[in-house]
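User: Please go through the contacts in this structure with me, one question at a time. Give the cut-offs as you use them.

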Amino acid sequence: MSNSESGNVGIVIVSHSAKIAEGAADMVRQMVGNAVPLAWTGGDPEGGLGTNVAGILKAIEIAWSSAGVAILVDLGGAETNSEMAVEMLAEDRRGRVVICNAPVVEGAVIAATESSGGSSLSAVQRSAEEFYA
Amino acid sequence: MHDANASRASKSFTTLTASAVLVNPVGLHARPSVKLTQCAKSFAATIEIALDADGPWTDAKSPVKVMRVKAPQGAMLYFRVTGLDGEAALAAVLALVHDGFGEA
């Protein structure tokens, strides 16, 4: 996964399933393009279903942008492990990462669309969360 | 297939309106919605779409709202644009529709 330094908000996709995470990332790339830093993580370290903090931290690193990073998660552990990963970030980065209350696939596409127009982290989050509004 | 007629807005900018038929096979589904909002976001002008000349109007810069319009193929899509770069914005979004969002 290569990411150009576009200055746009980065998107991280966290699913229990690596296939879902990768598939959602494919949709973002094809529908929105390459102007948005993007990374995905899914599955436990043994290759089963699950999420893990180390994988999420690595994904945040890959998708990092000075504008911040928006994380899209699926269920339960994806959210709590993402929260844990955010807490483990350096202090100057912690405040620039948000976990969106949005469906993982649709939210990722919408968040990336918003980001590709140069929107701020809060605008990206707000747009993704419109799904539940 | 668009009729651009300008009408006076209450603000300092003229509100431009135009319409075009959605020619691409599946209408304004996910991918065209993303393209439309990306295009709309590249302009400062307020850009709104509707399925009827009288509205209700939807912010063309909101991908979620644009997808909720669920405009099918063959539908007439109305645009209402207000702003300094409104003319260029209207031309750009109309070109996208005429071009079938690059997939017709």
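User: Which residue's side chain meets that of E61(A) in a salt bridge?

Analyst: A salt bridge here is a side-chain nitrogen of Lys or Arg within 4 Å of a carboxyl oxygen of Asp or Glu. In this predicted model, local features need pLDDT of at least 70, side-chain atom pairs count only at pLDDT 80 or more, totals for chains, interfaces and linings use all residues, and side-chain values use heavy atoms, without hydrogens and water. Residues are numbered from 1 along each chain as its sequence is written, while chains are lettered from A and ligands numbered from 1 in the order in which they are written. At 3.3 Å, N to O, the partner of E61(A) is R93(A).

User: How many residues apart are E61(A) and R93(A), and in which helices?

Analyst: Helices are DSSP runs (H or I, at least four residues), numbered from the N terminus. E61(A) lies in α2 (residues 53–62) of chain A and R93(A) in α4 (residues 91–94) of chain A. The pair links distant parts of the chain, and the separation is 32 residues.

User: What is the count of salt bridges between chain A and chain B?

Analyst: Over all chains the rule gives 3 salt bridges. The side chains of K41(B) and E114(A) meet in one, at 2.3 Å, N to O. Between chain A and chain B the count is 1.

User: Which helix gives the most residues to the side of chain A that touches chain B?

Analyst: α1 and α5 (104–116) of chain A each supply at least two residues of that side. With 5 residues, the one that gives the most is α5(A).

User: What is the area buried between chain A and chain B?

Analyst: Buried area is the accessible area (1.4 Å probe) that two parts lose on being put together, summed over both. Carbon and sulfur atoms give 56% of the area between these chains. In chain A, M31(A), T113(A) and E130(A) lose the most, together 49% of what that side buries. The area between the two chains is about 1100 Å².
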